[in-house]
Amino acid sequence: MPELRKDPIVGRWVIISTDRAKRPSDFTREPVKAKGGFCPFCSGNEAKTPPEVLAYRPNGASPNTQGWTVRVVPNKFPALGIEGNLSRQAEGMFDKMNGIGAHEVIIETPEHGVMLEDLPEKRIEDVLWAFRDRIVDLKKDRRFKYILIFKNHGQLAGATLEHSHGQLIALPILPKHVVEELEGSRQYFMYKERCVFCDIIRQETEAGVRVVSESDAFLTVAPYAPRFPFETWILPKRHESAFENSSSQVYEGLAKTIKNLLQRADQVLDNPAYNLVIHTAPVQENAMEYYHWHIEFMPRLTKIAGFEWGTGFYQNPTPPEEAAKYLREARVEHAQPVTVP
Ligand SMILES: [Zn+2]
Ligand SMILES: [Zn+2]
Ligand SMILES: [Zn+2]
């Protein structure tokens with residue numbers, strides 16, 4: 001019998017097919033294709049991107065030249081523009097506002113073809129610091145209410161450039177999915193006087209069946225009601241609502257955890273296309289006791305079809321207990337450390 005399961009945070013129901021559960025080998029994979037041609041993110045092509053807003057250069061070289069390890073540039077084709085005033089207007093019964101926002105690209109490595117999980121932990125940590133530094137800078141701009149950091153890997157996940165990168169979008173409004181999480185976790189807190197994410201960490205650690213891995217600072221779990229096969233969340237064990245307010249130990253631990261999860265997914269799912277998002281508190285808010293930042297990792301193994309569009313219901317052919325078991329049992333070998341040119 002298929003099972004309907006409810007997510008405790010946003011109240012979203014999903015259908016888990018338990019009868020003909022799909023195993024990793026049942027998904028047809030379109031390999032993450034290497035495309036030839038010019039790449040503006042490669043070391044040496046600094047002049048081909050808009051001027052950088054941040055870069056880490058261990059050798060102290062000048063901006064927009066080679067020698068960086070992580071480099072952040074405005075997106076050449078931004079979804080939103082940085083200039084101008086926010087103005088809300090009505091158009092009859094409709095609402096509109098100027099498309100103000102920031103859209104930046106975090107180039108995670110100067111080397112083409114190296115994936116995030118191939119980098120040494122220390123360099124993944126640098127990428128996390130770049131995320132943090134950009135949030136801290138952009139939140140000074142009071143026009144921005146939310147800053148989303150995400151990563152698309154592979155064409156199936158929407159990546160248009162192969163060179164490993166993350167993206168940041170600063171928004172003048174709170175996005176719907178975030179509002180739903182904030183509302184859901186606030187209601188849970190009002191009812192139980194506990195953070196729903198802290199409760200999930202407690203219960204999942206005890207149950208163990210959906211745990212992928214665990215360290216001092218992080219729990220990696222398949223959520224109880226996942227929308228997608230092999231959907232996995234990374235939860236910081238220590239309660240904190242804002243990603244950018246974490247301690248340096250947290251970024252150190254997170255770098256290890258991300259590398260570990262991506263290596264497990266590569267092994268079980270053969271280098272899948274994926275989306276990864278950091279859900280954190282709205283930037284103009286003080287610390288929240290009911291919200292808890294986290295990472296959602298979603299391999300793109302199935303297509304969203306009419307039923308999903310029509311209902312908001314997701315049908316997931318792999319029970320999270322099985323997905324977690326595959327990922328948990330993956331033998332993670334450390335990739336060759338990469339040297340910076
Ligand atoms: Zn490149
Ligand atoms: Zn919490
Ligand atoms: Zn979330």
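Predicted model: local features only at pLDDT ≥ 70, side-chain atom pairs only at ≥ 80, totals over all residues.
Donors here are N, O and S atoms within 2.8 Å of the metal, and since water is not among the atoms, sites may look incomplete.

**Stop 1: the zinc site.** Select the zinc ion (ligand 2) together with Cys195, Cys198, His239 and His292, which coordinate the ion through SG, SG, ND1 and ND1 respectively, at 2.0 to 2.3 Å. The four donor atoms subtend angles of 102 to 113° around the zinc ion, which makes the arrangement tetrahedral. Along the sequence, the donor residues follow the spacing C-x2-C-x40-H-x52-H. Cysteine 195 sits in the loop between α2 (176-192) and α3 (196-207), while histidine 239 sits in the loop between β12 (232-236) and α4 (248-269), so the pair ties together parts that are 44 residues apart in sequence. If you colour by accessibility, cysteine 195 is buried at a relative accessible area of 5%, whereas histidine 239 is partly exposed at 29%.

Stop 2: Next, select arginine 194 and aspartate 199, whose side chains meet in a salt bridge with an N to O distance of 2.8 Å. Aspartate 199 counts as buried, at 11% relative accessibility, and arginine 194 is partly exposed, with a relative accessible area of 37%. Elsewhere, salt bridges that share partners join Glu3, Arg5, Glu204, Arg210 and Glu321 into one network.

**Stop 3: helix α4.** Now select residues 248-269, the helix α4. At 1.5 Å a residue its 22 residues should span 32 Å, and its end C-alpha atoms are 31 Å apart, which agrees. Of these 22 residues, 16 are buried, so α4 is largely enclosed by the rest of the structure. Just after the helix, pick out aspartate 270, which takes a positive phi of about 60°.

Stop 4: In soluble globular proteins, nonpolar side chains tend to be buried together. Here the largest nonpolar core has 40 residues, and those with the most contacts inside it are Ile106, Phe131, Phe243, Leu254, Ile258, Trp293 and Ile295. Helix α4 supplies the largest share of this core, eight residues. Centre the view on isoleucine 106 and, leaving aside residues up to four places away in sequence, look for its contacts, which include Val70, Val72, Val127, Phe131, His165 and Leu168.

Stop 5: A search of the whole structure finds 25 salt bridges, and two of them deserve a separate selection. Glutamate 108 and lysine 151 meet through their side chains at 3.0 Å, N to O. Glutamate 108 lies in the loop between β7 (102-107) and α1 (121-138) and lysine 151 in strand β8 (residues 146-153), so this pair ties together parts that are 43 residues apart in sequence. Glutamate 108 counts as buried at 0% relative accessibility, and lysine 151 is buried as well, at 5%. The other pair is glutamate 52 with arginine 57, whose closest N and O atoms are 2.7 Å apart; glutamate 52 counts as buried at 16%, and arginine 57 is buried at 14%.

**Stop 6: an exposed residue.** Finally, select glutamate 333, in the segment after α6 (320-329), which is exposed, with a relative accessible area of 54%. A C-alpha to C-alpha distance drawn from glutamate 333 to alanine 225 gives 29 Å, for residues 108 apart in sequence.

How values were computed: Residues numbered from 1 in each chain as written. Chains lettered and ligands numbered in written order. Heavy atoms only, no water. Donors = N, O, S within 2.8 Å, 3.2 Å for Na, K, Ca; no water. Tetrahedral: all angles 85-135°; square planar, octahedral: opposite > 155°, others 65-115°. Helix = DSSP H or I, 4+ residues; strand = E, 2+ residues; numbered from the N terminus. Buried < 20%, exposed > 50% of the residue type's maximum accessible area, 1.4 Å probe, protein only. Core = buried A, V, L, I, M, F, W, Y, C linked by side-chain atoms within 4.5 Å. Contact = heavy atoms within 4.5 Å. Expected span 1.5 Å × (residues − 1). Salt bridge = Lys/Arg side-chain N within 4 Å of Asp/Glu carboxyl O.
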